[in-house]
Amino acid sequence: HGGELVKRHHVSTRLWHWINAVAIIVLLMSGLMISNAHPMLYWGEYGANFDQPWLRVPRFPGWMTIPSSYNLALARHWHLFFSWVLAFGLLAYLIVSLLNRHVQRDLTLRATELAPSHLWEDIKHHAQLKFPTGAAALKYNTLQKIAYISVIFVLIPTMILTGMMLSPGLASLTGWAIDLFGGRATARSVHFIAAGGIALFIVVHLTL
């Protein structure tokens, strides 16, 4: 109350943020239903019931999944549709953000920001929930930049690419990537890890 109103983002960034938020939530919830169908992760080309997984994923309750009752086919339909929403949304966001220089202006990391002393100060401020206000809030701090770069340029593209590898309809286009990853089972594990990283980011993002 009585504070300074600061418009931090372009309309394109805010629009993508909320479209992306809906897509990610639906993808995570439908992905949990898909995980329930076979809650084990493997490395390599294949993985089946009698193989030794590197991780046994817990079964998720209905309130966390889409749909809420077991239906693998419907979960895949939800997952596939919103994966395209996510992919094309990311593409549009990157094109617009490069044109309006949002990426270059707001997300570029400078050498001084990566200095250990500067990083430690940022960590302490976050731990104490001390954040800049007013005009200073227009700029991302170092941890924000690292988090957004990791999500936008690493986790989401990795999740999209590995998701394409797992789609039978795209097998002819992604065979080289599957070989690069070392097998379809590895791609599924990396897909799950990337999704977990995004889920962790959302928890931290909303908490802060």
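Methionine 159 is in contact (heavy atoms within 4.5 Å) with Ile24, Leu86, His191, Ala194, Ala195 and Ile198, leaving out residues up to four places away in sequence. The model is predicted, so local features need pLDDT of at least 70 and side-chain atom pairs count only at pLDDT 80 or more, while totals for chains, interfaces and linings use all residues. Residues are numbered from 1 along each chain as its sequence is written, and side-chain values use heavy atoms, without hydrogens and water.

Met159 also belongs to the largest nonpolar core, a set of 23 residues. Such a core consists of buried Ala, Val, Leu, Ile, Met, Phe, Trp, Tyr and Cys residues joined through side-chain atoms within 4.5 Å. Leu86, Leu107, Tyr148, Ile152, Ile156, Met159 and Ile198 touch the most other members. Two or more residues come from each of H1, H2, helix H3 (102-107), helix H5 (142-166) and helix H7 (184-207), helices being DSSP runs of H or I with at least four residues, numbered from the N terminus. H5 contributes the most, six residues.

Asparagine 20 lies in helix H1. This residue is buried (under 20% relative accessible area, 1.4 Å probe, protein chains only), with a value of 13%. Beyond its neighbours within four places in sequence, asparagine 20 is in contact with Leu86 and Ile156.

The axes of H1 (residues 11-37) and H2 (residues 72-99) come within 8 Å and cross at roughly 150 degrees. H1 and H2 are therefore roughly antiparallel, a term for angles over 145 degrees. By class, their contact has 19 nonpolar, eight polar and one charged residues.

Methods
Axes are lines fitted to C-alpha atoms, for helices over the stretch in contact, and angles run from 0 to 180 degrees between N-to-C directions. Angles under 35 degrees count as roughly parallel, over 145 as roughly antiparallel, 65 to 115 as roughly perpendicular and the rest as oblique. Ala, Val, Leu, Ile, Met, Phe, Trp, Tyr, Cys and Pro count as nonpolar, Asp, Glu, Lys and Arg as charged, and the others, Gly among them, as polar. Buried means under 20% relative accessible area, exposed over 50%, partly exposed in between (1.4 Å probe, protein chains only).
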